[in-house]
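Thanks for making the time this morning. I would like to walk you through one model, going from the overall fold to a handful of individual residues. Please keep the structure open while I talk.

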Amino acid sequence: AMEIDVKKESLSSMQQLGVEMTVRYGKYLNLLKEDAENGLCFVLVNCEKFLKQQQRTVVSSLCCLQERYAGYDWFASSIFLIMSGDRDRTLAFLQQFSRLLVSAFLWLPRLHLSIHLPVTTVEYGIHPVYFCSAHHVEMLLKAELPLVCSAFHMSGFTPSQICLQWMTQCFWNYMDWSEICHYIAICILLGPDYQIYMCISVFRHLQQDILKHTEA
């Protein structure tokens with residue numbers, strides 16, 4: 001997308017709010033400069049245009065299956081911060097990264113309406129991260145942390161719901177920035193299955209708190 005297209009392109013209210021939060025967080029971490037907001041908008045618009053080339057048309061009343069990805073792109077924002085607000089380096093990385101299998105699991109908008117998924121999978125509106133990564137977290141949790149697994153069943157929530165929230169947001173608002181960077185780096189270097197191990201590790205770390213809340 002050219003500069004002139006970015007100015008014409010209107011981001012959704014969800015994206016605008018996400019941009020504000022990202023820039024505020026980036027300045028708090030001393031990673032971004034004053035003009036960072038325009039750079040991030042440029043990245044997000046380019047990502048949409050780039051990913052749109054590999055999307056199929058689906059007629060559905062589901063909000064999540066409209067032309068534009070319903071949520072905010074937390075992964076692209078994370079890379080933008082890692083690159084210290086350099087929009088060109090961010091886009092160059094994302095273009096290279098999109099060729100890797102792990103991009104399907106770390107970068108959720110990557111598979112939105114994707115031609116790489118079966119039509120039936122796309123029509124269900126359920127992201128592969130939910131029925132792959134989150135499902136395997138539940139299986140491992142039952143074997144590794146049976147008490148935590150039971151606590152979730154008693155609460156009426158499923159661990160997969162919580163994990164999907166964590167992974168969609170790249171653990172923003174849950175981990176410190178250095179840990180978020182470690183999460184992204186580990187999954188890229190060692191493979192997408194480490195996304196599952198990371199969630200199990202967090203549940204193990206929170207086990208005593210989870211059991212205490214269950215008793216209360």
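Predicted model: local features only at pLDDT ≥ 70, side-chain atom pairs only at ≥ 80, totals over all residues.

Residues are numbered from 1 along each chain as its sequence is written, and side-chain values use heavy atoms, with hydrogens and water left out.

With that in hand, the overall fold. The protein has 13 helices and zero strands, where helices (H or I, at least four residues) and strands (E, at least two) are DSSP runs numbered from the N terminus. Its radius of gyration, taken over C-alpha atoms, is 18 Å, close to the 17 Å that the globule rule (2.2 Å times the number of residues to the power 0.38) gives for 216 residues, so the protein is as compact as a globular protein of that length. Along the principal axes, the C-alpha atoms fill a box of roughly 55 × 45 × 30 Å.

How much of the protein counts as buried? The share is 43% of the 216 residues. If contact means heavy atoms within 4.5 Å, then among contacts between residues at least 6 apart in sequence, 72% join residues at least 24 apart. The accessible surface comes to about 12,200 Å², and 56% of that surface belongs to carbon and sulfur atoms; these areas come from the Shrake-Rupley method with a 1.4 Å probe, and for residues only the protein chains shown count as cover.

Now the cysteines, which I expect some of you will ask about. A disulfide here is a pair of cysteine sulfur atoms within 2.5 Å, and the structure holds zero of them. Cys132, for instance, is in no disulfide, and the nearest cysteine sulfur, that of Cys199, is 13 Å away. Cys132 is partly exposed, at a relative accessible area of 26%. Cys181 is itself partly exposed, with 23% relative accessibility.

Cys170 brings me to the backbone. Most residues other than glycine have a negative phi. Cys170, however, has a positive phi of about 50° although it is not a glycine. It sits in the loop between helix H10 (159–168) and helix H11 (177–190), and it is buried, with a relative accessible area of 1%. Asn30 also has a positive phi, near 60°, in a residue other than glycine. Asn30 is found in the loop between helix H2 (13–28) and helix H3 (36–52). Is Asn30 buried or exposed? Asn30 is exposed, with a relative accessible area of 68%.

Leu11 belongs to the loop between helix H1 (3–8) and H2, and it is buried at a relative accessible area of 12%. Setting aside residues up to four places away in sequence, Leu11 touches Gln16, Val19, Cys41, Val45 and Arg68.

Between the C-alpha atoms of Phe50 and Met139, 89 residues apart along the chain, the separation is 35 Å.

Finally, Ala70 is in the loop between H3 and helix H4 (74–82) and is partly exposed, with a relative accessible area of 44%. The C-alpha atoms of Ala70 and Phe80, ten residues apart along the chain, are separated by 20 Å.

Note on methods: Buried < 20%, exposed > 50% of the residue type's maximum accessible area, 1.4 Å probe, protein only.
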